[in-house]
Amino acid sequence: MIRTIRGWRNGSADFGFLRNRIRSVRALSSAVIDMADRDGELRVFVVAGEVSGDNIGSRLMASLRKLSPFPVRFAGVGGSMMSKQGLKSLFPMEDISVMGIWELLPHLYKFRVRLEETVEAALSFKPHVIVTVDAKGFSFRLLKKIRRGSLLARNSRKGFPAPPLHFHYVAPSFWAWKGGESRLRGLSEFVDHVLCILPFEEEVCRLNGLAATFVGHPVLEDALEAANETEDGIKMKGNSEEFRNQYGLSTGATIVSLLPGSRLQEVTRMLPIFLNTMELLKESCPSDLLTAAIHVAPNKHVEDYIASYSHKLNLPVVLIPGGSSNMRYDAFSASRMALCTSGTVAVELQLARVPCLVAYRAHLLTEYLIRYKAKVQYISLPNILLDEPVLPEVLFHACTPSNLASIVR
């Protein structure tokens, strides 16, 4: 990872272009404030396409309400957490929660319909600011179309408001892919500012002519609110005893947390592998003591699938509802270890000091593309940031129940 970042730092950068871009963004920001002052409200169109983005979007909405000198009105697309902040989503967020190239194909028609629907709603809302959160496949297509539509409307109609300021929250993982940095400069045509959650991303964006700010990782925001200082650093608080009492689990039960992902396509692929792994583990642990704690993302399709599938396991199973970090960390505190699909949760498990095994499978063609295009050795964020295999990873064709069970033992 360090070598990767040095490679960018040693590259050339058009700093004149960047200075002009930053001046442009500052001028637009001032214009946004003036328009909000004139209209008596700040209109923000916000779009999230997956559970982690829904979490980030809800935090952003709450913070904007606290900090804005004007009343804030929201519109857009989000999930259950953003709805708690008052967003009426245009459609279920799950409709655009698709990752991968080949995985998208069966959903392509719906994806296009939802994209056009969102563009039309955004232009009708006349926002001062548009914020897209992660989900770059949908987000970047959306921002391109909105920028084009806003400029056309402004050119054809006198008095039409200035184009909204475009923010993208969570930088695309350009650092993980061959040629990824070359695509950054093109983003400046429809993204005015990137909000980065990893510390090295801001400089890389700026070196490639894209205005950016490092704003911190949302997982660490939870850590600041619910963590204990120990001799070894931060450890997330969790109440193991309360968790066992709530679910009627004995103190002798061996609990394994299963985190199969937040998107339905991930969960349908990974949950059967994890549950078959648990079946194999019964050989080395009494079945009446081995318990699977399945963490369920707040995604309606995922909730329904896990509820229907989990009864197939001939072991005690408890379902941990998503959306509550306290319940999540209580379960982590009670867990002997965890099996997780690569994602933000690997960082959470490390903060909770839970030994975990990172596993991942995708469509065969997507896996081939990852092997061909990836330029980092690892798939989980802790390993990438530390540039060493702190967490064991079992990926692609090696991700089988027998391999996972062997490593767990």
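Helices are DSSP runs of H or I with at least four residues, numbered from the N terminus. One of them, helix α5, spans residues 108-125 and holds Leu115. The model described here is predicted. Its chain has 17 helices and 14 strands. The chain has 409 residues, of which 51% count as buried. Among contacts between residues at least 6 apart in sequence, 69% join residues at least 24 apart.

**Leu115 in helix α5**

- Leu115 has its place in helix α5 and counts as buried, at 5% relative accessibility.
- With neighbours within four places in sequence left aside, Leu115 is in contact with Phe138, Arg141, Leu142 and Lys145.
- Ile96 is 19 residues from Leu115 along the chain, and the C-alpha atoms of the two are separated by 8.8 Å.

**Helix α12 and its buried side**

- Helix α12 covers residues 300-309, and Val302, Tyr305, Ile306 and Tyr309 are buried in it.
- These residues cover an arc of only 95° around the axis, so they sit on the same side of α12.
- At the start of α12, the backbone nitrogen of His301 has a side-chain oxygen of Asn299 within 3.0 Å.

**Packing of helices α10 and α13**

- Two packed helices are described by the angle between their axes and the distance between the axes.
- Helix α10 (residues 240-247) packs with helix α13 (residues 325-334) at an angle of about 100°, and their axes are 7 Å apart.
- At that angle α10 is roughly perpendicular to α13, because angles of 65 to 115 degrees count as roughly perpendicular.
- On the α10 side, the residues that meet α13 are Ser240, Glu242, Phe243, Arg244, Gln246 and Tyr247.
- On the α13 side, the residues met are Met327, Asp330, Ala331, Ser333 and Ala334.

**Arg263 in a loop**

- Arg263 lies in the loop that runs between β9 (254-259) and α11.
- Arg263 counts as buried, with 9% relative accessibility.
- The side chains of Arg263 and Glu50 make a polar contact at 2.8 Å.

**The loop between β4 and α7**

- Val170 lies in the loop between β4 (165-169) and α7 (184-187).
- Although Val170 is not a glycine, it has a positive phi of about 90°.
- Val170 counts as buried, at 8% relative accessibility.
- Lys178 also has its place in the loop between β4 and α7.
- Lys178 is partly exposed, with a relative accessible area of 43%.
- Lys178 and Lys375 are 197 residues apart along the chain, while their C-alpha atoms are separated by 5.7 Å.
- Beyond its neighbours within four places in sequence, Lys178 is in contact with Arg183, Tyr372, Lys373, Ala374 and Lys375.
- A polar atom of the Lys178 side chain lies 2.9 Å from the backbone oxygen of Tyr372.

**Phe396 in the loop between β14 and α17**

- Phe396 is found in the loop between β14 (393-395) and α17 (401-408).
- The phi of Phe396 is positive, about 60°, although Phe396 is not a glycine.
- Phe396 counts as buried, with a relative accessibility of 8%.

**Cysteines**

- A disulfide is a covalent bond between the sulfur atoms of two cysteines.
- Two cysteine sulfur atoms count as a disulfide when they are within 2.5 Å.
- By this rule, the count of disulfides is zero.
- Cys340 is in no disulfide, and the nearest cysteine sulfur, that of Cys356, is 4.4 Å away.
- Seen from Cys356, the closest cysteine sulfur is in Cys340, and the 4.4 Å between them is too far for a bond.
- Cys340 is buried, with a relative accessible area of 0%, and Cys356 also counts as buried, at 6% relative accessibility.

How values were computed
Residues are numbered from 1 along each chain as its sequence is written. This is a predicted model: local features need pLDDT of at least 70, side-chain atom pairs count only at pLDDT 80 or more; totals for chains, interfaces and linings use all residues. Side-chain values use heavy atoms; hydrogens and water are left out. Buried means under 20% relative accessible area, exposed over 50%, partly exposed in between (1.4 Å probe, protein chains only). Helices (H or I, at least four residues) and strands (E, at least two) are DSSP runs, numbered from the N terminus. The arc is that of the directions from the helix axis to the C-beta atoms. A polar contact is a pair of N or O atoms within 3.5 Å; within protein, one must be able to donate a hydrogen and the other to accept it, and residues adjacent in sequence count only if both atoms are side-chain atoms. Axes are lines fitted to C-alpha atoms, for helices over the stretch in contact, and angles run from 0 to 180 degrees between N-to-C directions. Angles under 35 degrees count as roughly parallel, over 145 as roughly antiparallel, 65 to 115 as roughly perpendicular and the rest as oblique. Contact means heavy atoms within 4.5 Å.
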